[in-house]
Amino acid sequence: MTQTRGFEPPPYPYDRLDVLRKAADALPGGAVDLSIGTPYDAPPRAVVEALGSSGTERGYPPSVGTPAFRAAAAAWLERRFGAAVPPDHLAACMGTKEFVAGVPHWLRLRTPDRDTVLYPRISYPSYAMGATLAGCRAVPYAALDDVDPGDAERALCVWVNSPANPTGGLDDLPAAAAWGRAHGAPVLSDECYIEFTWAGPGRTIVAAGLDGVLAVHSLSKRSNLAGARAGFYAGDPELVHYLSEVRKHAGFMVPGPVQAAAVAAFDDDRHVDEQRSRYQRRLALMIDALTAVGVDCPAPDGAFYLWAPAPGGDAWGLAHILAAVGGAVVAPGELYGEAGRDHVRIAVVQPDDRLELVARRLRDAGDVPDAPRAAD
Ligand SMILES: Cc1ncc(COP(=O)(O)O)c(C=O)c1O
């Protein structure tokens, strides 16, 4: 095989946690994995039934989404968040990670004189990876107003994420849209946690107009459908048209049965309200449990993560203690950017009895000793 000197994929972030998994697994009752934000609870029965009864598996599904899929997604945006987006100004994607990681490449083909992807400095790693895969510059920002004018001029797109993974923070979306319009850069608003907004109602960027913005949505978190892979992007008509044409050429398609299931999921709000209660209960339970190890963790404004400050800023140290004493696998904050290195992220995705087990272990340990540390 020829030796190449090009791109080498870095270790996948969560593969770095094996050492924590091993320590947590050694406890009676085993590890409680709170590292990846993968849903545990069941989707509604009607959604699962739709997967097997739509009769759509024989033919190719429309890449842009079936008329029923697009209508259901648009109706959901309007019903839950008061945003009126015509169904032909939104298009399907296979969950959102592939879209997040692919969109800089497609935008660059259209705007070759811009080469910079701006993204929040503590954020979901795929924003930066998408820039890398497109051969673009990945430039983190603390606040849009502080972006270097040279970087703003080169901006191919700007990511915002509200509610945010991992911090749970909420953005001023109309201000972000205005910034993007002023700088000629599309604002891509990742809103996959919108249903789990705790401070006030859920907010979408498309409520402030479609021009120059895309809202990116997923059923993975809303409806516990991460395994089915359904999402959509909505907003600026020209941008949606361009991206959906490119994606059609490239063969991106949400499978027909999944599109049928997505319609059933978008049409139902009751399961979301139940899931909201579950996550709120679990967030409170884990905030309480963390006090046993001297961690005073704030409640998030949204999403289902705790962003916990590590005592002394030692995030790997706290992660080792939570694994060895509580049996919980959590994610050190550096996985979400250098600026997050003094926090850990705890995803409260596991069932209540597993979280209670972690809480009990931490409480029973009393004064938590220094956990034995393997090399990070
Ligand atoms: C902020 C954010 N965006 C996008 C995704 C991707 O989710 P999916 O591809 O399942 O839609 C995730 C998943 O954890 C996420 O946290």
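## Words to start with

Ala, Val, Leu, Ile, Met, Phe, Trp, Tyr, Cys and Pro count here as nonpolar, Asp, Glu, Lys and Arg as charged, and the others, Gly among them, as polar. Rolling a probe the size of a water molecule over the atoms shows where empty space is left. On a 1 Å grid over the protein atoms alone, a cavity is a set of points where a 1.4 Å probe fits but cannot get out, while a pocket is an open set with protein on both sides within 12 Å along at least five of seven lines; lining residues have an atom within 4 Å of a point. Grid points are joined across faces, edges and corners, and a volume is the space filled by probe spheres set on the points.

This is a predicted model, in which local features need pLDDT of at least 70 and side-chain atom pairs count only at pLDDT 80 or more, whereas totals for chains, interfaces and linings use all residues. Residues are numbered from 1 along each chain as its sequence is written, and side-chain values use heavy atoms, leaving out hydrogens and water.

## The whole protein

The protein has 13 helices and 12 strands; helices (H or I, at least four residues) and strands (E, at least two) are DSSP runs, numbered from the N terminus. Its radius of gyration, taken over C-alpha atoms, is compared with a globule rule of 2.2 Å times the number of residues to the power 0.38. For 376 residues, a compact globule would come near 21 Å, and the protein agrees with its 21 Å.

Of the 376 residues, 55% are buried, where buried means under 20% relative accessible area, exposed over 50%, and partly exposed in between (1.4 Å probe, protein chains only).

## The largest pocket

Let us look at the open spaces. The largest pocket has a volume of about 1,000 Å³, and 42 residues line it. Tyr-12, Lys-97, Tyr-124, Pro-125 and Ser-126 lie nearest its centre. Helix 5 (126–133) and helix 8 (219–222) are the elements that give two or more residues to this lining, with helix 5 giving the largest share, five residues. Sorted by class, the lining holds 22 nonpolar, 11 polar and nine charged residues.

## The second largest pocket

Here the volume is about 400 Å³, and the lining has 20 residues, with Pro-120, Tyr-141, Ala-142, Ala-143 and Asp-171 nearest the centre. Strand 5 (155–161) and helix 7 (173–183) each supply at least two lining residues; the largest share, three residues, is from helix 7. The classes are 12 nonpolar, four polar and four charged.

Ala-143 sits in the loop between strand 4 (137–141) and helix 6 (149–153). With a relative accessible area of 31%, Ala-143 is partly exposed.

The structure has one cavity of 30 Å³ or more. The largest cavity holds about 50 Å³ of space, and its lining includes Ser-162, Pro-163 and Asp-171. Asp-171 is also among the residues nearest the centre of the second largest pocket.

The peptide bond from Ser-162 to Pro-163 is cis, with omega near -10°. Another cis bond joins Asn-165 and Pro-166, with omega about 10°. Pro-163 is in the loop between strand 5 and helix 7, and Pro-166 lies in the loop between strand 5 and helix 7 too.
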